[in-house]
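User: Could you walk me through this model, starting with how you use your terms?

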Amino acid sequence: MRCRICKERAVINIRTHNLPLCKEHFLERFESETKRIIKKYKMIKNEDKVAVAVSGGKDSLSLLYVLHKLKYNVLGIHLNLGIYSENYSLNSEKFVRNFQDKFNIPILIYDIKKNQEKGIEDLIKNRWKEKPCSVCGMVKRYLMNILALKNNCNVLATGHNLDDESARLFGNILYWQEEHIEHQELVLKEEEGLLKKIKPFIFFSEKEIALYAILKGIPYIRDECPYSIGAKTLKYKSILNNLENDSPGTKLRFLKGFYEFKSKINKNDLKSFKGTKKCRECGMPTKRDICTFCTTFEKHPFKIELKVNER
Ligand code: Q46
Ligand code: ZN
Ligand code: ZN
């Protein structure tokens, strides 16, 4: 297989576009596509400070790398979740630290157990046995938002990719999760107390991002979180992969079509489901008097003002 542009040996065939590319042209396209998506969907302005949620995986580390390379003002934020099974959190943090040392890009590392006395695994053992990802998701959203705000960021970027996002959409539609469908966006506008959220990698497949990370020498954690095994999303991913194999481009059409359809709907027809009150403890938006984060970590609410590289 030869590169469409220069006829050198191709390292990938982007089947969605039937586009074989060599290393040089693949890397070039990956970065220019990221920039194009950011501009097209007005994700980042030049004066913005962008927090990038980094887990230690290929998507988030590559995103932080590319945004930094594109000269955006970035700050990585890594949460040590306190998942000790299979050394998951320990290893994730190791990859993040290696990345920081190798590329010298600033990353704030926040240890939940050290600050809130309980890590995600402690919470799962107690009240949240049935729904590990619900509590984990809630804690991650809360902390990412507040840590980014405290470090003067005004945009929060996540490394969601085409495979994640189309599987999520598939699940949301299958069960008509109206609130989730409403919330599933490329760009979520800033609201009082909540940062603008963007997903610049949303139209890249996992395979493209993994190849980018490998070609750029970005080491990343390959283990999945031990609690993700059996997660429904994995089943949806496998169904969509079968469809994609039969008909390349299915996932991209599915997701792009959804966003286009959504942009045509009158926003006033959608009811906002975000918090309308301010939490009595921490002041963040919530639907209740006290937000779920403060209820969960009753005795150890968020109160530490961290700056980059403090732990
Ligand atoms: S939500 Fe669930 Fe993830 Fe948290 S418990 Fe693990 S799988 S890390 S993306
Ligand atoms: Zn080429
Ligand atoms: Zn609160």
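Analyst: Buried means under 20% relative accessible area, exposed means over 50%, and partly exposed lies in between, with a 1.4 Å probe and protein chains only. This is a predicted model, in which local features need pLDDT of at least 70 and side-chain atom pairs count only at pLDDT 80 or more, while totals for chains, interfaces and linings use all residues. Residues are numbered from 1 along each chain as its sequence is written, chains are lettered from A and ligands numbered from 1 in the order in which they are written, and side-chain values use heavy atoms, with hydrogens and water left out.

User: Which residues coordinate the zinc ion (ligand 2)?

Analyst: The donors, meaning N, O and S atoms within 2.8 Å of the metal (3.2 Å for Na, K and Ca), with water not among the atoms, so that sites may look incomplete, are C3 (SG), C6 (SG), C22 (SG) and H25 (ND1), at 2.1 to 2.3 Å. Their spacing in sequence is C-x2-C-x15-C-x2-H.

User: Are C22 and H25 buried or exposed?

Analyst: C22 is buried, at a relative accessible area of 5%, and H25 is buried as well, at 13%.

User: And the zinc ion (ligand 3), what holds that one?

Analyst: Here the donors are C279 (SG), C282 (SG), C291 (SG) and C294 (SG), at 2.3 to 2.4 Å, and they follow the spacing C-x2-C-x8-C-x2-C along the chain. C282 lies in the loop between β9 (277–278) and β10 (285–286) and C294 in helix α12 (residues 292–296), so this pair ties together parts twelve residues apart in sequence; helices (H or I, at least four residues) and strands (E, at least two) are DSSP runs numbered from the N terminus. C282 is partly exposed at 23% relative accessibility, whereas C294 is buried at 4%.

User: Switching to aromatics, how many pairs are there?

Analyst: A search of the whole structure gives 14 aromatic pairs, where rings of Phe, Tyr and Trp (its six-membered ring) pair if their centres lie within 6.5 Å, and planes under 30 degrees apart count as stacked, over 60 as edge-to-face and the rest as tilted. One of them joins F30 and Y212, whose ring centres are 4.3 Å apart with planes at 15°, so the pair is stacked.

User: Where do F30 and Y212 sit?

Analyst: F30 lies in helix α1 (residues 23–40) and Y212 in helix α9 (residues 206–215), so the pair ties together parts that are 182 residues apart in sequence. Both F30 and Y212 are buried.
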